[in-house]
Amino acid sequence: EAFKRDLVAAGLQFNDAITNRFIASCQTKPFVILTGLSGAGKTKLAQAFARWMSSGDGSAQYEMVAVGPDWTSKDYVLGYADALDSTKYVRTQVLNLILRAQQDDKSPYILIFDEMNLSHVERYFADILSTLESAEPLLLHNDPNDRDGIPARINFLPRNLFIIGTVNVDDTTYMFSPKV
């Protein structure tokens with residue numbers, strides 16, 4: 001009810017059933033996809049939820065990442081080991097948020113992937129999907145030591161990390177496979 005009141009105070013109006021289903025989905029599984037027509041308010045709902053769940057201004061507890069149509073690998077999500085400097089790792093907003101969530105397991109962290117189907121989700125998001133399903137480690141690089149403070153693998157995605165994706169359903173985007 002408090003979230004609904006805050007939505008109204010922010011000038012956002014959503015059907016109670018949609019809001020209730022969204023909150024229940026987030027409590028049930030750490031990965032929720034909001035689908036619908038462009039302009040329906042999916043991103044605004046996800047942003048409002050992220051701000052509401054965050055303490056203070058919450059800017060360190062959530063990230064909104066706009067998926068690009070050229071995303072073809074996990075590098076856009078998890079970064080990559082610098083091939084020219086064996087001590088460096090190129091970070092992303094996503095990886096930084098995952099690492100912050102691991103260090104602060106008492107607070108919720110929300111990762112919003114906006115327009116997830118502008119690119120083939122199976123290409124850039126496969127490692128995250130696999131880790132969510134299997135609880136297997138997330139491989140970041142093959143070095144025995146950390147690179148720029150980035151471990152070789154993340155043994156699990158933090159339980160306090162919520163991933164919310166938005167998907168426009170129209171003929172300008174890619175549809176998800178049944179697995180996703």
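The model is predicted, with local features needing pLDDT of at least 70 and side-chain atom pairs counting only at pLDDT 80 or more, while totals for chains, interfaces and linings use all residues. Residues are numbered from 1 along each chain as its sequence is written, and side-chain values use heavy atoms, with hydrogens and water left out.

**View A. Helices H1 and H2.** The axes of H1 and H2 cross at roughly 125° and come within 11 Å (axes are lines fitted to C-alpha atoms, for helices over the stretch in contact, with angles from 0 to 180 degrees between N-to-C directions). H1 and H2 are therefore oblique to each other. The crossing of H1 past H2 is right-handed (the near helix is turned clockwise from the far one by less than a right angle). From H1, Phe3, Lys4 and Leu7 meet Asp16, Thr19, Asn20 and Ile23 of H2 (contact means heavy atoms within 4.5 Å). By class, the residues of this contact are 3 nonpolar, 2 polar and 2 charged (Ala, Val, Leu, Ile, Met, Phe, Trp, Tyr, Cys and Pro are nonpolar; Asp, Glu, Lys and Arg are charged; the others, Gly among them, are polar).

**View B. Helices H1 and H3.** H1 (residues 2-9) packs on H3 (residues 42-53) at an angle of about 120°, with the axes 11 Å apart (helices are DSSP runs of H or I with at least four residues, strands runs of E with at least two, numbered from the N terminus). That angle makes H1 oblique to H3. The crossing of H1 and H3 is right-handed. Ala2, Phe3, Asp6 and Leu7 of H1 make the contact with Leu45, Ala48, Phe49 and Trp52 of H3. The contact of H1 with H3 has 7 nonpolar residues, no polar ones and 1 charged.

**View C. The largest pocket.** The volume of the largest pocket is about 470 Å³ (a pocket is an open set of points on a 1 Å grid over the protein atoms alone, where a 1.4 Å probe fits, with protein on both sides within 12 Å along at least five of seven lines; lining residues have an atom within 4 Å of a point; the volume is the space filled by probe spheres set on the points). Lys29, Pro30, Phe31, Leu132 and Glu133 are the closest to the pocket centre of the 20 lining residues. Helix H2 (16-28), strand S1 (31-36), helix H7 (126-134) and strand S8 (161-168) each give two or more residues to the lining. H7 gives the most, with 4 residues.

Conventions
Angles under 35 degrees count as roughly parallel, over 145 as roughly antiparallel, 65 to 115 as roughly perpendicular and the rest as oblique.
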